[in-house]
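Biologist: I would like to go through this structure with you. Could we take it piece by piece?

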Amino acid sequence: MWKRFRSNIGAMVGVAILLAVILIAVCAPLIYPHGPWQMVQRPFLPPMSVDGLPLGTDTLGRNVAAQLAYGAQVSLLVGLVSTIVALLIGVPLGAVAGFYGNWVDEGAMRFTEFFQTIPNFALAIVLVAIFEPTLASITLAIAIVSWPPVARLVRAEVMSVRKREFVDAATLAGLSRPKILITQVLPNTVSPIIVMASLMVATAILLESSLSFLGLGDPNAMSWGYMIGAARTVIRTSWWLSFFPGIAIVLTVLALNLIGEGLNDALNPHLSRKGRA
Amino acid sequence: MKKPALSIENLSIGLPQGADRDFAVENLSFAIEKGEILCVVGESGSGKSMTANALMGLLPPGVDVRGGKARFEGQDVLALPETDKQAMRGERIAMIFQEPMTALNPLMRIGDQIAEVFAAHNRLTTPERRNRALELIREVGLPDPEKIIRAYPFQLSGGQRQRAMIAMALALEPKLLIADEPTTALDVTTQAQILKLILNLREKHGMAVMFITHDFGVVAEIADQVIVMQEGKMVERGPAQQVLVTPEHPYTQRLLDAIPTGKLPQARPLGTVPALEIKSLRKTYRTGGGLFKPVREVHAIDNVSLSVARGEVLGLVGESGSGKSTLGRTAVRLVTPDSGQVLVGGVDIAALSEEELRKERHKVQMVFQDPYASLNPRQKIISAITGGPITRGVPRAKAEERARELLEVVGLGADAATRYPHEFSGGQRQRIGIARALAMDPELIVADEAVSALDVSIQAQVLDLLRDLRSRLDLSILFITHDLRVAAQLCDRIAVMQKGKLVEIGTVHEIFQSPKQAYTRQLLAAVPGADWQREEAATA
Amino acid sequence: MQHLLKATTFLVAAALAAPAFAQDDGGRLDIVVQPEPPGLMLGLVQNGPTQLVAGDIFESLLRYDTDLVPGPSLAKSWEISDDGLVYTFHLQEGVKWHDGEPFSADDVVFSADVFLRETHARLRASLAYVDKIEAPDANTVVFTLKEPFGPFINAFETGTMPIVPKHIYEGTDFANNPANATPIGTGPFKFDKWEKGSYIHLVKNEDYYIDGLPHLDEVFYRVIPDAAARAVAFETGEVDVLPGGSVENWDIPRLAAMDNVCTTGKGWEFFAPHAWMWLNNREGPTADKRFRQAVMYAMDREFMKDVVWNGYGKVATSPVSSRTNFYSDDTTMYNHDPEKAKALLAEMGYDGTEVRLLPLPYGETWQRWAEAVRQNLSEVGINVQIDSTDVAGWNEKTANWDYDMAFTYLYQYGDPALGVSRNYTADRIKKGSPWNNVEGYDNPELDAKWAAAATMVKPEDRAKIYAEIQKEIVDDVPVAWMQELEFPTIYRCNVQDLVTTGIGINDGPRNAWIKK
Amino acid sequence: MSILTAILGRLAKAALTLLAIAVLNFFLLHAAPGDPAVVLAGEAGAADEQMIEQLRERFGLDQPFYVQLGKYVGGIVQLDLGYSFRQDAPVSQLILDRLPATLLLTLTAFGISLVCGIALGVASAARVGKASDSALTTLALLFYATPLYWLALMAVLVFSVWLGWLPGFGYETVGAGYTGITRALDILQHLILPALTLGLFFMAVYMRMTRASMLEVSQLDFVKTAKAKGLSGPAIRRRHILRNAILPVVTLAGLQAGQLVGGAVLTETVFAWPGIGRLMFESLAARDYNTILGVFLVSAAMVILFNIVTDIVYRIVDPRIGATA
């Protein structure tokens, strides 16, 4: 499986980009110990115009490169944590619905449908506005709007795995239902969940940036979306302020998508699965 | 000397890099005369389907013809440009496939799918096409053509779909019909009808038929000529009678030996202590329902009573939808019956609560049909086998020791324990499944189509193992199968089911030699190669 | 020849009206309005956007020039008695409501005494000084006060006392009168159409009582929700006027540098928007005067003005805006002095307690401002966390005193008694409103001075007391005064006479004309 | 089972869902800090207790929470969405005023993205493995990864400001007095940029899906049957693969079309498009509860409506559904 993933050029490019972003995020405090908010020079300095400020300065004379580095931390964190939270909601719900069926399924799916009926982005906006924009509320809002597809996927996978004969075998071995779900069924749904999760991180990063663009970012956390939101009014005079974070988002999201596709090809080889029969 | 309809010379088909061998087909040569049926026989992976696909120009990506010729109507069809191949397909060479369920476009009406053949080759006007479609439907023996023409595939049964496929193949009166395991997915009675239809049509249209099958029974029913293939190479060729009766190549002999013949085993004395007693069992499935949907009821088990004595193997035979699998699953309480009793060692497991049941589970175990689905791909063999005993309270070390023993017993060797399922072949997995069932020291094993998915030679080996275990361990087995021949190999008694009802039950000899019910007789008659085997049995 | 004749006639008419040079008639003006006003009935709603649009539809008795000197509007002349108790207004003649009904003194009495007393909170505070309002004849209105109220002359501005039609509103439920949707005033423009979310269309009032006015045929107020889109709209020529605050400050130089684009900082004198941070005087570090002073010293307000506000405006040194009367510069000046700030913090023993800062949710400028403050304060060791919220949350938090430091800006309405004292006197400490003494400053001695200054008649006397107040209060730092805001208006240079009064664009289209 | 009863069943469920959404959001909004009366008073620049009390009374905010909820739900049941005090108009009126603009924008974007997405997906699948396929999929991935608002800003910058080809914002040329065809053309001009930027992301989604689906279906047995009949490649793609491959795409698209209506906030903001997304966003800051709730309900109703339409389309395209029950 790893071999199949490694031979996928796109996926490896994705991994390379993502590793670079992670490295930058981790090293940010070492390279820029004064943080992203320090006003270091005249505002609106274009890139490469002053030594030590390769990406120029922003509206308050802060170092764009430092902001970008710290922004990587926040964007990745929001993307990762919100995805984990969404999985924590979606996986158990979908698993229980798919495994127990009947009214449990009916109830869980009504609940899921309900959340899918409410317009996602609008709900996220309202949630963030109501709980006030902090990293926690943004992360939670993103998780709340993104778990339903997880629940549906897990449910479908569990329903298909549940019908496999090894589950019957486990039942005959006297294993309890919850134990069968956890030890037999769920491990076999991991591949599609991993694929979906990698794509969800990408979507979450986009969502966070969209919220920030609308002014619903955490003012104490420098994120890429926040940078673009702050720079959108000066996009005409200071293109670099929104250009670099924009590129950072595009690259990161692209990387995650490439990885997701690579994982999908490696973990869910439909063709080979079919070819066997 | 007649000129052959098709002659293949030195055909070689290459497999992509990384496959388990270089060639799917190597140096294959044969010919089919006009109006002749040639059966290509082989187990899975023998290259028989690839040969057919190569002729049609339908090889999957990565697989290609590396050499050889296929002369058909004066041309080498392998060397034709794609447009010519396309023109040839459907018009002069037609093909039907194994899976009637998936081979038809689910979104297109049957009539349109037939008419499309004419459209593809620019024949006839639209109303003419319709009329021809009606004629064809009539010709392949489908009822109510006017209705069928408007029907979608899902509204047809498997046999009907296969007939529709044949109608399509016949549309332009091809000179050669390639049939790739066309009856494998069908019930025996349906299979018998389709085989008869193909024979009739050959008679009427005089076309050559290349018939691919793994089943020597079918060969006996239909073939004029036979070639036998093994791992891409032809190992034997000759007239059907000759190959069946006096096979020359050891592989052919092995295959023929592996076939469950109609030869009935010696009857064994049976015990009287019941391992399993089923009393007035009923199970009805309701689909639909809810606010706006009408309820549909299917009586999967309709008042069935039977018993399996300790040390006995009871065969449960029936066609798809007969309720035999539901009965098997009820016996192990994977399905809870609506009413009736399932007594195992005197305990009615149908009446137990979930908790009580878990303690009694070990008494009945099951061996499953699909060797690929019955083992958790993410679990090592050892934990698959020891999971049950450990849950029952057996110390881990002891359970593992026993598991290794059992792996030896089923012929795999103890070192199999630490490996994952994907490292094993289908037959090996079935052995693991048996070891897993044995690990629970059950009073009864339900084997649900346990050998159906295996190639004949593997099938024979697993049957041997079961027979061996039966005598060594004094096992009680409820052996569910659709194949009467297989049942005859192993079972002491046979129960025949149809549409949820128990039609007949008796010893193997009673069922085979003096069946009382019409349905049983019908089933026996439909077994492919029945005549040949009876002959053989007589001559033997 | 004929053309010349026409021009001459026009010249005469124009000379009667106002400035004495040739003005072109006709044309349309597109002005940005942001956000979209909740309603246009100025008597009921007085928020900024409503005043901007409805200032063309409704009028009051007076107008104020950019030095806040009153001039005629619906009143052509007026007298104030020497004791400062009786205000007599003589109304213009031949004024008609937009529906053709004649306007009279009864309308003024109804508006001030009945309608606005019920609906207009800010005017209600001034009307508390009024004993009675009478109309001796159809063209005269007399206001009699209980005691002198210095700033009363400033109460006759359109947004403060819009005159509404008695014949439509008398005896009705004002808030639910269907006419609110199609407001009827006496102003130079009539309401035509409101395409919600898109634009409001006003057309010339052909029957306006001043001949030759207005010059424009129509005015469109355009709703464009995004600041960047507003800038683009101006660039592409979709709109002609960007009222103050329509675009972010750093976009102004770019737009101003375009051909045929002019800017002016005038037109805000009446409001004199004054920005500060509420410092919660009740609890936390901000309850300590030394901490509040440290905040003042820690901030580089000149830098913030230059960078955040792009140089527009002036650092505020006192609660009174230097653009209004009664400003005094004889106060402590808090220059950027981090060392002093650190010393003060050390003296009080500040332990690094987290201090919440609530920015004003009015766009990027305000956000950056809060960030700059946080950075400055963190440099002297104050631990600041920016709270984020929207307009509703901001209102709620400040009104309920749930903050440590909170940005705000308020209008001064031309007089400390109208727009300044409300934020510092103890009687205005009331939960539930973000416009009173939100910081909780309680100084009885100063309370008495505020009260005395309001009821004096002579401006000189008042100025003396206000100077005393300013000297003392600046040392207490009840709030952190930040900046006298300037909102430059950006417009095409061929739009003439757009800003002529202390309320700027609000009644600008009345005199504006487009040079051909 | 007839389509009609199926729809009736869906509608009954939908009504319940909508009611639940109303209640949930009612709770959510009232849990939020911020009092609409204070906000409205605040906008006036000054207010006293009397004014705020008046406003609270007018809005009914002085009543207990359950009474407010009961009144609101009672209104909803009678299809009354309440009154917006901020805008001084019935909510249904406000939404009806803005809904056409949103529908025009989203449906156009949806149409463009679906048609182009499927077309490109088919083209890409037909050239699988070739350079043009790689180019198309890379481009789609890029669109997929680009923040929509960013793309919108760039589009305005390039096509409106620099090139001056298209209007950068708004719904129509204000005050031009166009009628009939001229007006339609004018609106169309304004529509191009927002619809395209909104559509590009979804185009990428549908393209990727169509491509994957085409490739998957082309592995199915009946495609082999079609080949064996002698059909040409394009005929097989058109008659057999596409029809089957398009089903999951249509399903997903139907689900998303509804979401688009409520999700066009970003596009509507950047392009000053007078739609309901913006209405909601603006109402949020003013705590204009009834309007926000109204927009939520209407957009949820749209989601449900599109789901039902998708269902009907599915039933028409796929004879298996509905007949098997």
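Biologist: Leaving out residues up to four places away in sequence, which residues does C:Arg292 touch?

Modeller: C:Arg292 touches C:Leu279, C:Thr286, C:Val477 and C:Ala480, with neighbours up to four places away not counted. Two residues are in contact if their C-beta atoms, placed from the backbone, lie within 7 Å. Please note that this is a predicted model, in which local features need pLDDT of at least 70 and side-chain atom pairs count only at pLDDT 80 or more, while totals for chains, interfaces and linings use all residues. Residues are numbered from 1 along each chain as its sequence is written, and chains are lettered from A and ligands numbered from 1 in the order in which they are written.

Biologist: How far apart are C:Arg292 and C:Ala480 in sequence and in space?

Modeller: They are 188 residues apart in sequence, and their C-alpha atoms are 7.3 Å apart.

Biologist: Is C:Arg292 buried or exposed, and in which helix is it found?

Modeller: C:Arg292 is buried, because 23 other C-beta atoms lie within 10 Å. A residue is buried if 20 or more other C-beta atoms lie within 10 Å of its own, exposed if 12 or fewer, and partly exposed in between. C:Arg292 is found in helix 8 of chain C, residues 289-298. Helices (H or I, at least four residues) and strands (E, at least two) are DSSP runs, numbered from the N terminus.

Biologist: On to the assembly. Which chains share the most contacts?

Modeller: Chains C and D do, out of 5 pairs of chains in contact. Chain C puts 43 residues into that contact and chain D puts in 44 residues. On the side of chain C, helix 12 supplies the largest share, 7 residues. That side divides into 19 nonpolar, 12 polar and 12 charged residues. Here Ala, Val, Leu, Ile, Met, Phe, Trp, Tyr, Cys and Pro count as nonpolar, Asp, Glu, Lys and Arg as charged, and the others, Gly among them, as polar.

Biologist: And how many residues of chain D are in contact with chain A?

Modeller: There, 34 residues of chain D are in contact with 28 residues of chain A. Helix 13 of chain D gives the most to the chain D side, with 6 residues. By class, the side of chain D that touches chain A has 25 nonpolar, 8 polar and 1 charged.

Biologist: What is the distance between the closest C-alpha atoms of chain B and chain C?

Modeller: It is 44 Å, and no contact joins chain B and chain C.

Biologist: How is chain D divided into domains?

Modeller: The assignment gives domain 1 (3-91) and domain 2 (94-324); such bounds come from an automatic or database domain assignment. The centres of the two domains, taken over C-alpha atoms, are 31 Å apart. Their contact takes 25 residues from domain 1 of chain D and 22 residues from domain 2 of chain D. Within the domain 1 side, helix 1 of chain D contributes the largest share, 12 residues.

Biologist: Turning to chain B, what does UniProt place there?

Modeller: An unreviewed UniProt entry places the feature "domain: ABC transporter" at residues 6-256 and 276-524 of chain B. UniProt positions are given in the numbering used here, feature names are shortened, and annotations may be inferred rather than shown by experiment. The span 6-256 of chain B is 38% helix and 25% strand, and its end C-alpha atoms lie 28 Å apart.

Biologist: How many helices and strands does chain B have, and why is it described as compact as a globular protein of that length?

Modeller: Chain B has 20 helices and 20 strands. Its radius of gyration is 25 Å, close to the 24 Å that the globule rule gives for 540 residues, so chain B is as compact as a globular protein of that length. The radius is taken over C-alpha atoms, and the globule rule is 2.2 Å times the number of residues to the power 0.38. Of the 540 residues of chain B, 49% count as buried.

Biologist: Finally, which residues have the most contacts inside the largest nonpolar core?

Modeller: They are A:Ala124, A:Ile125, B:Val219, B:Leu478 and B:Phe479, in a core of 518 residues. A nonpolar core is a set of buried Ala, Val, Leu, Ile, Met, Phe, Trp, Tyr and Cys residues joined through C-beta atoms within 7 Å. Helix 3 of chain A (residues 64-100) gives the most to this core, with 18 residues. Apart from neighbours within four places in sequence, B:Leu478 is in contact with residues including B:Leu276, B:Val308 and B:Val446.
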